[in-house]
Amino acid sequence: MLAKKYAVVDQSRCVACGECTHVCPKEAISVPHGCFAAVNIEKCIGCGKCARACPAGCIKVNLIRQGI
Amino acid sequence: MRSKHWYDYLWIWSIIYFSLGFFNILFAWLGMIDFLLPIIIAVFRGNKWFCNNMCGRGQLLSKLGGALKFLGNKQAPRWMASKWFRYGFLGFFLTMFSNMVFQTYLVAAEARSLTEAIKLFWTFKVPWGWTYTAGTVPDWIAQFSFGFYSLMLTSMLIGLIVMVLYKPRTWCTFCPMGTMTQSICKLRSKSNQNNN
């Protein structure tokens with residue numbers, strides 16, 4: 001089993017301010033079409049910087065387990 | 001981390017804008033750029049590029065809040081980012097903006113005289129006459145300047161208060177321009193999906 005941490009956005013509460021995009025060290029989060037933030041799981045390293053910066057508190061860091 | 005661009009320094013514009021209002025109130029008109037540009041971008045480009053990259057106020061709050069880290073980084077109450085509060089605040093803000101435009105109309109129609117003062121938090125009248133020499137421009141232009149600067153300064157002060165209390169860009173959660181542009185983007189996105 002492989003474990004990976006990654007950011008998850010509650011899109012119903014996201015205000016699309018873009019603060020998360022500025023703090024992400026991997027450019028793994030963006031605000032497509034100005035609707036809400038979206039995370040590229042491939043790029044996300046789960047550092048949690050976006051979650052700490054998010055003023056709406058709508059980003060959480062989750063842990064996924066993948067089978068190999 | 002992404003590389004720096006010219007628009008990452010627009011927080012300086014925010015400081016300049018509010019400083020100019022202390023010398024000549026007519027500069028308040030420049031704030032219309034911050035009102036119109038986000039809407040134009042949202043309508044024609046269908047994104048929140050202004051909020052995400054160009055908002056001088058957001059950048060300033062982010063910088064100041066970051067510098068004042070010792071204040072803590074408390075999460076704002078959940079209701080502050082809730083739909084009813086965001087749209088409620090947008091409604092309130094637009095009502096106050098309309099009232100300000102109506103007051104400008106009354107001055108233009110000579111139904112009332114120019115008030116050389118700003119109103120903070122829509123309540124507290126602060127004499128601001130030193131920033132305007134009577135007769136420089138038609139009275140309604142000056143009236144709009146005082147009214148618009150009041151709105152801009154009040155919203156900045158609210159932004160600073162919530163920055164101190166909570167996370168730096170808490171203002172963005174209920175910023176009327178942000179709410180408006182996000183709604184435009186969602187509507188555009190939905191209509192694009194329906195068309196495809």
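Is B:Tyr149 buried or exposed, and what is its relative accessible area? In this predicted model, B:Tyr149 is buried, its relative accessible area being 0%.

Pairs of aromatic rings were considered next, and such a pair is described by the distance of the centres and the angle of the planes. Over all chains, the count comes to 29 aromatic pairs. In one of them, formed by B:Phe97 and B:Phe148, the ring centres are 6.3 Å apart and the planes meet at 75°; because planes over 60 degrees apart count as edge-to-face, this pair is assigned to that class. The two residues belong to distant parts of the chain, with B:Phe97 in helix α5 (residues 83–108) of chain B and B:Phe148 in helix α6 (residues 139–165) of chain B, so that the pair links positions 51 residues apart. Both B:Phe97 and B:Phe148 are buried.

B:Tyr149 itself takes part in a further pair, its ring centre lying 5.9 Å from that of B:Trp128, with the planes at 40°, so the arrangement is classed as tilted. Whereas B:Tyr149 is located in helix α6 of chain B, B:Trp128 is found in the loop between β2 (124–127) and α6 of chain B, and the pair therefore ties together parts that are 21 residues apart in sequence. B:Trp128 is buried as well, with a relative accessible area of 6%, a value that falls under the 20% limit applied to buried residues. An aromatic ring is also involved in a contact of another kind in chain B, where the charged end of B:Lys4 sits over the ring of B:Tyr9, at 5.7 Å from its centre.

Attention then turned to the contact between the two chains. The size of an interface is often given as the accessible area lost when the parts come together. Between them, chain B and chain A bury about 2100 Å², of which 44% is on carbon and sulfur atoms, and the contact takes 26 residues from chain B and 26 residues from chain A. One salt bridge is counted between chain B and chain A; B:Arg169 forms a salt bridge with A:Glu19, in which the closest N and O atoms are 3.3 Å apart. The count of residue pairs in polar contact between chain B and chain A, both residues being at pLDDT 80 or more, is 15. On the side of chain B that touches chain A, the elements giving two or more residues are α3 (49–54), α5, α7 (171–174) and α8 (176–195) of chain B, and the largest share, four residues, comes from α8(B).

Methods: Residues numbered from 1 in each chain as written. Chains lettered and ligands numbered in written order. Predicted model: local features only at pLDDT ≥ 70, side-chain atom pairs only at ≥ 80, totals over all residues. Heavy atoms only, no water. Phe/Tyr/Trp six-rings, centres within 6.5 Å; stacked < 30°, edge-to-face > 60°. Buried < 20%, exposed > 50% of the residue type's maximum accessible area, 1.4 Å probe, protein only. Lys NZ or Arg CZ within 6 Å of the ring centre and 35° of its normal. Contact = heavy atoms within 4.5 Å. Buried area = accessible area lost by both parts, 1.4 Å probe. Salt bridge = Lys/Arg side-chain N within 4 Å of Asp/Glu carboxyl O. Polar contact = N/O pair within 3.5 Å; in protein donor to acceptor, adjacent residues only side chain to side chain.
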